[in-house]
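Me: I have a model open and would like to go through it with you. Can we start with the overall picture and then go to details?
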Amino acid sequence: MKTLLKVAREKKGLKTREVAQLLGIDQALISKFESGSRKPTKEQVIKLASLLEIDLETIMVAWFKEKLLYEIGNDEFALKVLNIVREEVENNYVISKRNISNNLTTIINEIDVLKAKIDGFRKLDNFKIAQALELEYTFESNRIEGNTLTLRETELVINEGLTISGKSMREHLEVINHHEAIAYIKHLIERNSPLNEREVLSIHNLILRGIQPEDAGKYRKVQVMIKGSSHLPPQPFLVAKEMENLFIWYESNKKILHPVILAAELHQRLVTIHPFIDGNGRSSRLVMNLILLQYGYVIANIKGDYDNRMQYYNALEIAQTKNNKEEFLMFIAQIEKESLERYLNIIGQ
């Protein structure tokens with residue numbers, strides 16, 4: 001791996017000092033990576049691959065090989081350990097790749113290249129940029145649900161505290177509540193708080209606060225009918241039990257699935273359960289973006305115009321009624337890719 005890094009850097013005509021500055025990594029570490037006296041972290045490898053235009057698979061294979069050799073060396077149990085690890089990795093690979101097409105795999109790889117590039121410029125993060133993107137997210141997420149406030153009106157409500165003539169109090173509260181819910185998920189990330197049922201209820205409580213206070217942060221108390229597959233009629237279930245199962249699934253898959261797929265599928269599963277009287281869509285999208293932000297991605301902002309809204313709803317319906325999540329996962333992955341590209345464009349990269 002050290003040769004890969006040095007050759008790629010020299011091919012780009014960069015000095016170690018320049019690489020260090022661009023990636024925010026100490027220059028001494030870059031030199032140690034190239035000499036082999038220090039091993040980069042996985043995150044650092046991805047950043048280096050993006051900057052130096054090294055094939056990600058090639059360098060990751062080299063990195064993992066050296067990591068394994070360093071850990072087990074010539075230990076007498078090394079071969080036995082490797083065989084056991086191989087078996088478990090193959091099993092996990094089957095689980096993580098189920099129903100994932102080559103097209104989805106391709107876009108996920110493209111997303112990670114974009115994320116690696118953004119990671120190299122995190123020092124350029126600007127409060128005003130984040131504020132503008134979060135404002136757009138609030139506007140679009142509410143527009144999906146029928147809120148008629150324009151982007152400019154949404155900005156006036158959030159930043160100026162103004163009341164827009166001709167617009168309902170509910171629409172104003174939807175904007176304010178969603179804005180506060182974004183601040184809450186960012187607070188959870190700063191505290192490194194794990195995602196659990198309590199936090200989902202807290203997010204929903206913010207969404208419906210002042211709108212339907214009797215239902216805010218509370219599950220439906222009656223049995224709900226969930227759409228069956230194309231061969232089965234709708235089936236009744238208890239919300240609390242389904243939510244418990246949802247988080248069992250989440251805990252079992254959060255270290256296996258790619259973060260974008262994990263976030264998208266949790267969103268799809270949560271909105272399918274439809275655990276609340278109202279606010280399911282907004283809450284599910286916020287939970288999805290909480291996961292994305294936790295892993296260093298950017299907010300996946302689904303547009304609320306007719307075409308995007310219909311594509312979003314249709315993909316959800318296919319996932320719910322035909323047990324085929326491919327289209328929905330592709331849709332969310334494409335949204336995330338576009339959001340990453342837009343972020344890079346804003347910061348001029």
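Me: How many helices and strands does the protein chain have?
Reply: This is a predicted model. Its protein chain has 16 helices and two strands.

Me: And what share of the residues counts as buried?
Reply: Of the 349 residues in the protein chain, 46% are buried. The accessible surface of the chain is about 18,800 Å², and carbon and sulfur atoms make up 52% of that.

Me: What about contacts, how much comes from residues 24 or more positions apart?
Reply: Such pairs account for 67% of the contacts in the protein chain, counting those with a separation of 6 or more.

Me: Different spot. Where does Gln212 lie?
Reply: Gln212 is in the loop that runs between helix H11 (197-208) and strand E1 (224-226).

Me: Is Gln212 buried or exposed there?
Reply: Gln212 is buried, because its relative accessible area is 15% and the cut-off for buried is under 20%.

Me: Which residues is Gln212 in contact with, leaving aside neighbours within four places in sequence?
Reply: Gln212 is in contact with Arg170, Ile277 and Asp278.

Note on methods
Residues numbered from 1 in each chain as written. Predicted model: local features only at pLDDT ≥ 70, side-chain atom pairs only at ≥ 80, totals over all residues. Heavy atoms only, no water. Helix = DSSP H or I, 4+ residues; strand = E, 2+ residues; numbered from the N terminus. Buried < 20%, exposed > 50% of the residue type's maximum accessible area, 1.4 Å probe, protein only. Contact = heavy atoms within 4.5 Å. Areas by Shrake-Rupley, 256 points an atom, 1.4 Å probe, with all protein chains shown as cover.
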